[in-house]
Amino acid sequence: MRLDQFYPIFDHSDWLRRMLPLGVKLVQLRVKDQPEPIVREQIAISRDLCREHGAMLVVNDHWQAAIDAGCDWIHLGQEDLDEADLKAIRKAGLKLGVSTHDDDELERALAMDPDYVALGPVYPTILKKMKWHQQGLPRVTEWKARVGDIPLVGIGGMRVERAEGVLQAGADVVSVVTDITLNADPEARVRQWIEVTR
């Protein structure tokens, strides 16, 4: 399976409404700290927008809501894996992406036969506090050798200028958040991302 190399992450369907028409083909909806009805509404709106634009939607964390909405993909962090019902996720036919940061987490993820593995943070990130320092490009190369044919997603501190190096190091996909959402012109930045990844 080949995933688009550009994988932005947004926290609201309004972002998808703006960015999908520009040509985004793989996107994650990461809704945090919202009541369940709002989460479900955001997933449903995002699902419909992605279908309209021929894009793949990955739902972060909220696996039951993703199943109920008939989504195709779920992304789980290591903490999410403790709570998630993987049998129910697989039975529903959802594809699974998993975050990893160290050797133990990679082994755990690979045992679940994931549809992609994310490694981060490749570079220092401002998005969230982490106990892991930057992994660096050699780690990307090492991880790719270990995951083989499973798509490898590089995440953390990504900017347009770093995309080519991360892909050359072995990542199949580059995931990005703040380089777009904190940019003065997010649409222009997305166009730049598409240009360097396709």
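# Briefing: Salt Bridges, Overall Form and Backbone Features

Glu 36 and Arg 40 stand 4 residues apart in helix α2, which covers residues 36-53, so about one helical turn separates them. The model described here is a predicted one. The two residues form a salt bridge, and their closest N and O atoms are 2.9 Å apart. This pair belongs to a structure that holds 16 salt bridges.

**The chain as a whole**

- The secondary structure of the protein chain consists of 10 helices and 8 strands.
- For 198 residues, a compact globule would have a radius of gyration near 16 Å, and the value for the protein chain, 16 Å, agrees with this.
- The C-alpha trace of the protein chain spans about 40 × 40 × 30 Å along its principal axes.
- Of the 198 residues in the protein chain, 53% are buried.
- The protein chain exposes about 9500 Å², and 48% of this area is supplied by carbon and sulfur atoms.

- Side chains of opposite charge can pair when their charged atoms come close.
- How far apart are the closest N and O atoms of Glu 36 and Arg 40? The distance between them is 2.9 Å.
- Glu 36 has a relative accessibility of 41% and therefore counts as partly exposed, since this class lies between the limits of 20% and 50%.
- Arg 40 is also placed in the partly exposed class, with a relative accessible area of 31%.

**A pair between two helices**

- Arg 146 and Asp 103 meet through their side chains in a salt bridge, with a distance of 2.6 Å from N to O.
- Arg 146 belongs to helix α7 (residues 137-147) and Asp 103 to helix α6 (residues 103-110), so this pair ties together parts that are 43 residues apart in sequence.
- The relative accessible area of Arg 146 is 31%, which makes this residue partly exposed.
- Asp 103, at 36% relative accessibility, counts as partly exposed.
- Which residues are linked with Arg 146 in a network of salt bridges? The network comprises Asp 103, Glu 107, Glu 142 and Arg 146.

**A further pair**

- A salt bridge also joins the side chains of Glu 161 and Arg 159, with an N to O distance of 3.8 Å.
- Glu 161 is exposed, with a relative accessible area of 55%.
- Arg 159, by contrast, is partly exposed, with a relative accessible area of 38%.

- Trp 15 is part of helix α1, which covers residues 13-19.
- Is Trp 15 buried or exposed? Its relative accessible area is 14%, and Trp 15 is therefore buried, as the limit for this class is under 20%.
- Leaving aside residues up to four places away in sequence, Trp 15 touches Phe 10, Ile 180, Thr 181 and Pro 186.
- Glu 187 is 172 residues from Trp 15 in sequence, yet the C-alpha atoms of the two residues are 9.9 Å apart in space.

**Backbone details in the loops**

- Gly 120 and Pro 121 are joined by a cis peptide bond, for which omega is about -10°.
- Pro 121 is located in the loop that runs between strand β6 (116-119) and helix α7.
- Asp 33 has a phi near 55°, which is a positive value in a residue other than glycine.
- Asp 33 is situated in the loop between strand β2 (26-29) and helix α2. With a relative accessibility of 79%, Asp 33 counts as exposed.
- Asp 113 likewise has a positive phi in a residue other than glycine, with a value near 50°.
- Where is Asp 113 found? The residue is in the loop between helix α6 and strand β6. Asp 113 counts as exposed, at 57% relative accessibility.

Conventions:
Residues numbered from 1 in each chain as written. Predicted model: local features only at pLDDT ≥ 70, side-chain atom pairs only at ≥ 80, totals over all residues. Heavy atoms only, no water. Buried < 20%, exposed > 50% of the residue type's maximum accessible area, 1.4 Å probe, protein only. Contact = heavy atoms within 4.5 Å. Rg over C-alpha atoms; globule rule 2.2 N^0.38 Å. Areas by Shrake-Rupley, 256 points an atom, 1.4 Å probe, with all protein chains shown as cover. Salt bridge = Lys/Arg side-chain N within 4 Å of Asp/Glu carboxyl O.
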